Every structure is written in structure tokens, then in C-alpha cells.
Amino acid sequence: MIFLWAFLIGGLICVVGQLMMDVLKLTPAHTMSSLVVAGAVMDAIGWYDPLVKFAGAGASVPITSFGNSLVHGALTELQRDGWIGVITGIFDVTSAGISAAIIFSFLAALVARPKG
Amino acid sequence: MPAKAKNKPGARVKLNHLLLTEQEYKQVADQHKPKTNIWGNCLRAFLVGGLICLLGQCIQQLFMTFADMTAREAASPTVAVLIFISVVLTSLGVYDKIAQWAGAGTAVPVTGFANSMCSSAIESKAEGLVLGVGANMFKLAGSVIVFGVVAAFIVGVIHVIFGLGGVH
């Protein structure tokens with residue numbers, strides 16, 4: 001069942017992004033930034049965790065989950081280490097994604113040739 | 001008589017015996033623009049975006065089944081695998097072809113984030129490893145990181161000020 005919800009919720013979040021580009025005429029960069037901030041706000045008011053539990057990768061794969069993870073890291077370390085955790089914790093959860101993207105992109109740039 | 005395009009600001013454009021101001025020209029140009037098919041775009045974004053998330057769910061399930069991870073533990077390796085797939089497809093030039101068709105369906109998932117970094121890195125390869133690849137990799141992805149981090153910081157500060165202590 002979670003596979004169906006992953007497909008539906010993930011697809012719906014992408015439709016929201018598409019509508020922001022088509023109807024509100026936002027550039028892709030503005031759309032992505034807005035979605036990340038939306039994810040951060042949703043985590044702050046406690047709506048994103050239930051969504052991840054419900055839809056699995058449908059909620060954790062779209063870029064909104066990046067905002068969610070940033071807030072998560074900050075709040076978890078705030079709880080553990082006090083106020084300094086707000087700074088030290090931000091990249092705690094997202095480290096895997098960002099590091100993987102940097103490393104793989106760098107290696108790809110060494111090997112691949114620009115297209116078109 | 002073919003019109004000669006001269007792009008002086010405020011200049012009249014001569015087009016088929018018509019003298020048009022820039023505003024009128026823009027009106028005519030807008031009439032002939034291909035209309036964006038919002039329903040079609042949304043449907044394609046939904047299908048491709050949903051399929052990428054479904055693929056993510058399958059990868060996560062594999063980690064949970066074969067590596068005995070909880071859903072939360074499996075999230076990071078899942079994202080890393082998706083990013084790896086995205087980078088490979090971007091290097092082969094396949095991802096951008098899918099992206100032309102799917103719009104936000106390929107841009108919104110984390111694979112689109114990796115795609116923007118990888119394509120910036122490859123395109124600026126000619127400018128060198130440091131000034132090209134290193135400096136331009138975050139050209140598009142940077143704004144996502146900046147606004148995400150600032151938003152997370154504000155949420156954290158609100159928690160500190162109101163003494164919520166990071167409890168959800």
C-alpha cells in the first residue's frame with residue numbers, strides 16, 4: 001500500500017511544483033527554493049513527519065524533504081546540545097544527500113563531456 | 001518586404017508594412033506564442049514525479065529487507081542511490097531529455113537537485129576544475145541550500161526564543 005501512496009503523494013508534490021512554474025510563472029530556481037522553505041515550515045508545525053510515515057519515499061524523495069531534514073537536524077541537536085545545536089545540527093541529516101551529490105557530480109565532471 | 005530587426009529600445013519595428021511600437025509588437029508576439037498546456041504539463045509531472053518516488057520507495061524497501069534497516073535509517077542510502085542514478089543519467093544526457101518532457105516531475109525530486117549540480121559541473125568543465133567545476137557546481141542548487149538553511153535556522157531560533165527546546 002505504501003508503494004501506491006509514495007507514487008500518488010510524490011506525484012502530487014511535483015504537480016504543485018509544475019503549477020508554481022506554469023500558473024505563477026516562477027523560474028525553476030524560485031520554485032525549488034519555495035518548496036524547500038515550505039518543507040521546512042511544514043516540519044516546524046509538525047505536519048511533515050506524519051506525511052513521511054504515510055507516504056514513505058513519496059514524501060522523502062521530493063525536495064520538500066530537504067527543508068524538512070534541515071529543520072530536523074537543527075531541532076534534534078538543539079534538544080541534545082542546547083542552542084548551539086541550531087547551527088551545528090542543520091546539515092546533520094542532509095549530509096548524505098549533499099555529500100553524495102557533490103562527490104558523484106565531481107567524478108562525473110571528470111569523465112563526461114558537455115552535451116549540446 | 002522583410003523586416004530588419006534592430007533592437008534599439010523604443011525604436012519602431014518595421015514588419016510587413018506595419019509600424020509597431022514595442023508594446024504592440026509584444027502583443028502580436030504573445031498571440032503567436034505556443035500556449036502552455038497546463039493540464040498536460042501537470043499530468044506528465046505527476047506521472048514522472050510519482051514514478052521517481054515509487055523507485056525511491058522500492059530502493060528503500062530493498063535496504064530495509066536486505067540490510068535490516070529501519071525506514072529512517074534507510075532514507076539516507078536511498079537518497080544517495082537516487083542521486084547516483086541521476087548523475088549517471090545526466091552524464092549520458094538522458095536525464096535532460098526526460099526533463100524536457102516531464103518538467104517539474106524530474107525537477108522536484110532529489111534527483112533534479114543532483115541533476116542541476118551535475119550538469120552545471122559538466123558544462124563548466126572547460127573553465128577548469130577549480131574555477132569551472134568547483135565554482136559553478138552550486139550555481140542552481142545553491143539557492144535551494146541557502147533558503148533551506150536560512151529557513152531551518154529561523155525555525156531553530158524560534159524554538160530557542162519560545163523555549164520549545166526542539167521538541168516536535
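How much area do chain B and chain A bury between them, and what share of it is on carbon and sulfur atoms? The two chains bury about 5300 Å². Of that, 79% is on carbon and sulfur atoms. The model is predicted.

## The interface

Chain B puts 67 residues into the contact, and chain A puts in 67 residues as well. Polar links across the contact can be counted too. Nine residue pairs are in polar contact between chain B and chain A, with both residues at pLDDT 80 or more. Sorted by class, the side of chain B that touches chain A has 44 nonpolar residues, 20 polar residues and three charged residues.

How many salt bridges are there between chain B and chain A? The count is one. Its partners are the side chains of Arg72(B) and Asp49(A), with N to O at 3.9 Å. The cut-off for a salt bridge is 4 Å, so a pair at 3.9 Å is within it.

## Salt bridges over all chains

Over all chains the count comes to three salt bridges. Arg72(B) lies in helix α3 of chain B, while Asp49(A) lies in helix α3 (residues 48-55) of chain A, so this pair joins two chains. Arg72(B) is exposed, because its relative accessible area of 59% is over 50%. Asp49(A) has a relative accessible area of 27% and is partly exposed.

The table sets them beside the pair that joins the chains.

| Pair | N to O distance | Relative accessible area |
|---|---|---|
| Arg72(B) and Asp49(A) | 3.9 Å | Arg72(B) 59%, Asp49(A) 27% |
| Glu77(A) and Arg80(A) | 3.6 Å | Glu77(A) 9%, Arg80(A) 59% |
| Arg80(A) and Asp81(A) | 3.3 Å | Arg80(A) 59%, Asp81(A) 39% |

Glu77(A), Arg80(A) and Asp81(A) are linked in a network of salt bridges. Arg80(A) takes part in a bridge with Glu77(A) and in another with Asp81(A). Glu77(A) and Arg80(A) both sit in helix α5 (residues 64-81) of chain A. They are three residues apart, about one turn of the helix.

Is Glu77(A) buried or exposed? Glu77(A) counts as buried, because its 9% relative accessibility is under 20%. Arg80(A) is exposed at 59%. Asp81(A), at 39%, counts as partly exposed.

## Aromatic pairs

Four aromatic pairs are counted over all chains. Two of them are described here. One is formed by Trp5(A) and Phe54(A). This pair is tilted, with 4.7 Å centre to centre and 40° between the planes. The pair links distant parts of the chain. Trp5(A) is in helix α1 (residues 2-22) of chain A, and Phe54(A) is in helix α3 of chain A, 49 residues apart. Trp5(A) is partly exposed, with a relative accessible area of 28%. Phe54(A) is partly exposed too, at 38%.

Phe66(A) and Phe113(B) also form a tilted pair. Their centres are 5.7 Å apart, with 35° between the planes. Phe66(A) counts as buried at 10% relative accessibility. Phe113(B) is buried as well, with a relative accessible area of 6%.

## A buried threonine in chain A

Thr31(A) is found in helix α2 (residues 28-44) of chain A. Its relative accessibility is 0%, so Thr31(A) counts as buried. Which residues does Thr31(A) touch, not counting those up to four places away in sequence? They are Gly17(A), Met20(A), Met21(A) and Leu26(A).

Methods. Residues are numbered from 1 along each chain as its sequence is written. Chains are lettered from A and ligands numbered from 1 in the order in which they are written. This is a predicted model: local features need pLDDT of at least 70, side-chain atom pairs count only at pLDDT 80 or more; totals for chains, interfaces and linings use all residues. Side-chain values use heavy atoms; hydrogens and water are left out. Contact means heavy atoms within 4.5 Å. Buried area is the accessible area (1.4 Å probe) that two parts lose on being put together, summed over both. A polar contact is a pair of N or O atoms within 3.5 Å; within protein, one must be able to donate a hydrogen and the other to accept it, and residues adjacent in sequence count only if both atoms are side-chain atoms. Ala, Val, Leu, Ile, Met, Phe, Trp, Tyr, Cys and Pro count as nonpolar, Asp, Glu, Lys and Arg as charged, and the others, Gly among them, as polar. Helices (H or I, at least four residues) and strands (E, at least two) are DSSP runs, numbered from the N terminus. Buried means under 20% relative accessible area, exposed over 50%, partly exposed in between (1.4 Å probe, protein chains only). Rings of Phe, Tyr and Trp (its six-membered ring) pair if their centres lie within 6.5 Å; planes under 30 degrees apart count as stacked, over 60 as edge-to-face and the rest as tilted.
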